[in-house]
Amino acid sequence: MFERFTRGARATVKGAVAQAERAGASSVTEEHLLLALLEQEGGRVAFAVTALGLHDRRASLDAAFAEARRRGGLTKADTDALAGIGIDLGAIVSRVEGAHGEGALDADRRGRRWWSGRRPFTPGAKTVLENALRVALGRGDRFIGEEHLLLALTAKPGVVADVLAGHGATCTAVQRALYGSAADGGDGEGDAGQGRAQAG
């Protein structure tokens, strides 16, 4: 599959590894893929990211990811579901952090800066890479570019999609920013490709 990646998509994957290294993380996550995409210059994705205002809200994105890590990576939907059965996640996080220190629920705690070696991709990050292929095939593209990675990130339910949606970058908004308002006729094959990516 990697041979189908454009130069920009390969740079994004390498950039995600670099993001993980800088963060002292032991594995490469979807968040690292997104942060690497945000650093890309030139091209369709850089234009879309700027048009969506994500560059201007980088600090807000970082804060939203930090808050999600504090919650142990639970999404807003997870938090709402727990609240619906009377479980206050905020109170639980406060108790755990009171007993074990701030960020105790972060699955990839920053204290691992000594770790070195090849960083594996998490199952979620691998799914994004696989879904990027599905998005590309759904659009009839013979390559996998940064735009397919970005769309796959918005289509995969989870923290990254939640954070992006909270900043106005839903799957539909990203598709519009990438391809214009008539992206494959709106309900055409492009949207079918997105549906397949969500299902993956």
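This is a predicted model: local features need pLDDT of at least 70, side-chain atom pairs count only at pLDDT 80 or more; totals for chains, interfaces and linings use all residues.

Reader: Why does V159 count as buried?
Author: Its relative accessibility is 19%. The cut-off is under 20%, so V159 counts as buried. V159 is found in helix 9. Its C-alpha lies 7.7 Å from that of K76, although 83 residues separate V159 and K76 in sequence.

Reader: How many helices and strands does the protein chain have?
Author: It has 11 helices and zero strands. Both are DSSP runs numbered from the N terminus: helices are H or I with at least four residues, strands E with at least two.

Reader: What makes helix 8 mostly covered?
Author: 10 of its 10 residues are buried. Among them are E146, H148 and T154.

Reader: Why is helix 3 called oblique to helix 8?
Author: The two pack at an angle of about 45 degrees, with their axes 7 Å apart. Axes are lines fitted to C-alpha atoms, for helices over the stretch in contact, and angles run from 0 to 180 degrees between N-to-C directions. Under 35 degrees counts as roughly parallel, over 145 as roughly antiparallel, 65 to 115 as roughly perpendicular and the rest as oblique. The angle of about 45 degrees therefore makes helix 3 oblique to helix 8.

Reader: Which residues make the contact?
Author: R44, V45 and V49 of helix 3 meet E146, E147 and L150 of helix 8. Contact means heavy atoms within 4.5 Å.

Reader: Which residues touch the most other members of the largest nonpolar core?
Author: L33, L34 and L54 do, in a core of 46 residues. Such a core is a set of buried Ala, Val, Leu, Ile, Met, Phe, Trp, Tyr and Cys residues joined through side-chain atoms within 4.5 Å. Several helices each supply at least two residues, including helix 1 and helix 10. Beyond its neighbours within four places in sequence, L54 is in contact with L38, V49, L61, L164, H167 and A169.

Technical notes
Residues are numbered from 1 along each chain as its sequence is written. Side-chain values use heavy atoms; hydrogens and water are left out. Buried means under 20% relative accessible area, exposed over 50%, partly exposed in between (1.4 Å probe, protein chains only).
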